[in-house]
Amino acid sequence: MPHYLFRARYSQAGIQGVLKEGAASRLKAVNELVASVGGRVEAAYWAFGDDDFIMIAEAPNNAAAAAAATRVSASGIAGVTTTVLLTAAEVDEARAIGVTYRPPGA
């Protein structure tokens, strides 16, 4: 199953919700969200800096990952960015595909 890196930045209301409910409660909700699209959370962490919450999860496909991320973003509680993660085998498969490309100015 494909893997995804989700990064979230809470709104003021979002972080207030975490402080009110507790991180364990929110982690349960995140696990339920990911499971609802057929996926599984592999790792989840709270952070400070540019991101407030970071998660690596499996999902059946890009549509399922997008469904989860867009529902969270649409709630207004957090903005989510999603990165598709590739295995070494997938990178090697991509490396083997012939492409035609001319860099700008070449």
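What covers the buried residues of α3? The cover includes β1 (3–10), α2 (23–36) and β4 (78–85). The model is predicted.

**Helix α3**

Helix α3 covers residues 62–75. At 1.5 Å a residue, its 14 residues should span 20 Å, and its end C-alpha atoms are 20 Å apart, so the two values agree.

The buried residues of α3 are A64, A65, A68 and A69. Seen down the helix axis, they fall within an arc of 125°, so they line one face of α3. That spacing follows a general rule. An α-helix has 3.6 residues a turn, so residues three or four places apart point the same way. The face turned away from the buried side of α3 carries exposed residues: N62, A63, R71 and A74.

Both ends of α3 have a local feature worth a look. At the start, a side-chain oxygen of N61 comes to within 3.2 Å of the backbone nitrogen of A63. Just after the helix, G76 adopts a positive phi of about 80°.

**Strand β1 and its partners**

Strand β1, part of the cover over α3, is joined to β3 (residues 53–58) and to β4. The table lists both pairings.

| Strand pair | Bridges | Direction |
|---|---|---|
| β1 and β3 | 6 bridges | antiparallel |
| β1 and β4 | 8 bridges | antiparallel |

Which residue of β3 stands opposite Y4? A57 does. In β4, A8 has V80 as its bridge partner.

Notes
Residues numbered from 1 in each chain as written. Predicted model: local features only at pLDDT ≥ 70, side-chain atom pairs only at ≥ 80, totals over all residues. Heavy atoms only, no water. Helix = DSSP H or I, 4+ residues; strand = E, 2+ residues; numbered from the N terminus. Expected span 1.5 Å × (residues − 1). Buried < 20%, exposed > 50% of the residue type's maximum accessible area, 1.4 Å probe, protein only. Arc of directions from axis to C-beta. Contact = heavy atoms within 4.5 Å. Polar contact = N/O pair within 3.5 Å; in protein donor to acceptor, adjacent residues only side chain to side chain. Pairing = 2+ DSSP bridges.
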